[in-house]
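Subject: Structure for you to look at

Dear colleague,

I am passing on the structure that we talked about, and below it I describe what was found. Please keep it open beside this message while you read.

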Amino acid sequence: MTRPPFEPVSERDIRIVSAQLGRPARDVVGIPARCACGAPTVVATAPRLSDGTPFPTLYYLTHPVATAAMSFLEAAQVMVECTELLAADAEVRAAYERAHRDYLADRESIAVVPELVGISAGGMPTRVKCLHALAAHSLSAGPGANPIGDIALERSSWSPDVCQCPDYGVDVPDPADPADDDTGGRA
Ligand SMILES: [Zn+2]
């Protein structure tokens, strides 16, 4: 898990994210979270796309099994439960507000987009509108950073520790990467 500044993104990462999204990945600025196998789980996108569109969702969940697990939880009314928890628990409410501010700070460390001032993602700071966005924040910023994202991950049938990746169809050997060399890097 990483917050900005991000490491450079590889061509292979971009190919995997494009396969996960089913369209070419654009304006990628980092891979803040990865599967146990190394495949991207969360993609970080520029706060302003190259076509000029403001893009609030810095942390976007791309892993197909993770996104399916979040959709399942949304269908199972977990957002309703989390909304009730926010209403009932002042500590969770304060932590969620902190998550909102941290999210904005991370995004603004990359670029400040006037249209997005005060707008984070997933319904923060007072609503629960998208578990995908909140789980993506938790996966990127780590446990404790987003209380609702943490709940979503706890309830999820998907875990970042167990690879359930499909074949993304991107594994052409890369001669620059010893891990792709069948000598195991000894050559
Ligand atoms: Zn994987």
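A residue counts as buried if 20 or more other C-beta atoms lie within 10 Å of its own, and as exposed if 12 or fewer do. Please bear in mind that this is a predicted model.

With those cut-offs in hand, you can look at helix H3, which spans residues 78–88 and in which Met79, Cys82 and Leu86 are buried. These three residues cover an arc of only 60 degrees around the axis, which puts them on the same side of H3. On the face of H3 that is turned away from this buried side, you will find the exposed residues Val80, Glu84, Ala87 and Ala88. What do the buried residues of H3 pack against? Their partners are H2, helix H4 (90–108), H5 and helix H6 (147–155).

Helix H6 is mostly covered, since 7 of its 9 residues are buried. The buried residues are Pro147, Ile148, Gly149, Asp150, Ile151, Ala152 and Leu153, and the buried residues of H6 pack against H2, H3, H4 and H5.

Next come two pairs of helices. Two packed helices are described by the angle between their axes and the distance between the axes. For H5 and H6, the axes come within 7 Å and cross at roughly 100 degrees, and the two helices are therefore roughly perpendicular to each other. In this contact, Leu131, Leu134, Ala135, His137 and Ser138 of H5 meet Ile148, Gly149, Asp150, Ala152 and Leu153 of H6. Sorted by kind, the residues of the contact of H5 with H6 divide into 6 nonpolar, 3 polar and 1 charged.

The other pair is helix H2 (residues 64–75) with helix H5 (residues 131–141), which pack at an angle of about 130 degrees with their axes 9 Å apart. That angle makes H2 oblique to H5, and the crossing of the two helices is right-handed. On the H2 side the contact is made by Thr67, Met70, Leu73 and Glu74, while on the H5 side it is made by Leu131, His132 and Ala135. The residues of the contact of H2 with H5 divide into 4 nonpolar, 2 polar and 1 charged.

Finally, there are some points about the backbone. Most residues other than glycine have a negative phi, and most peptide bonds are trans. Another joins methionine 124 and proline 125, with omega about 10 degrees, and proline 125 has its place in the loop between H4 and H5.

Positive values of phi in residues other than glycine are found at aspartate 27, where phi is near 60 degrees, and at glutamine 77, where phi is near 70 degrees. Aspartate 27 lies in the loop between H1 and strand E1 (28–34), and with 15 other C-beta atoms within 10 Å this residue is partly exposed. Glutamine 77, in turn, is found in the loop between H2 and H3, and with 10 C-beta neighbours inside 10 Å this residue counts as exposed.

With best wishes

Technical notes
Residues numbered from 1 in each chain as written. Predicted model: local features only at pLDDT ≥ 70, side-chain atom pairs only at ≥ 80, totals over all residues. Axes fitted to C-alpha atoms, helices over the stretch in contact; angles between N-to-C directions. Helix = DSSP H or I, 4+ residues; strand = E, 2+ residues; numbered from the N terminus. Parallel < 35°, antiparallel > 145°, perpendicular 65-115°, else oblique. Left-handed = near helix turned anticlockwise from the far one by under 90°. Contact = placed C-beta atoms within 7 Å. Nonpolar A, V, L, I, M, F, W, Y, C, P; charged D, E, K, R; others polar. Arc of directions from axis to C-beta.
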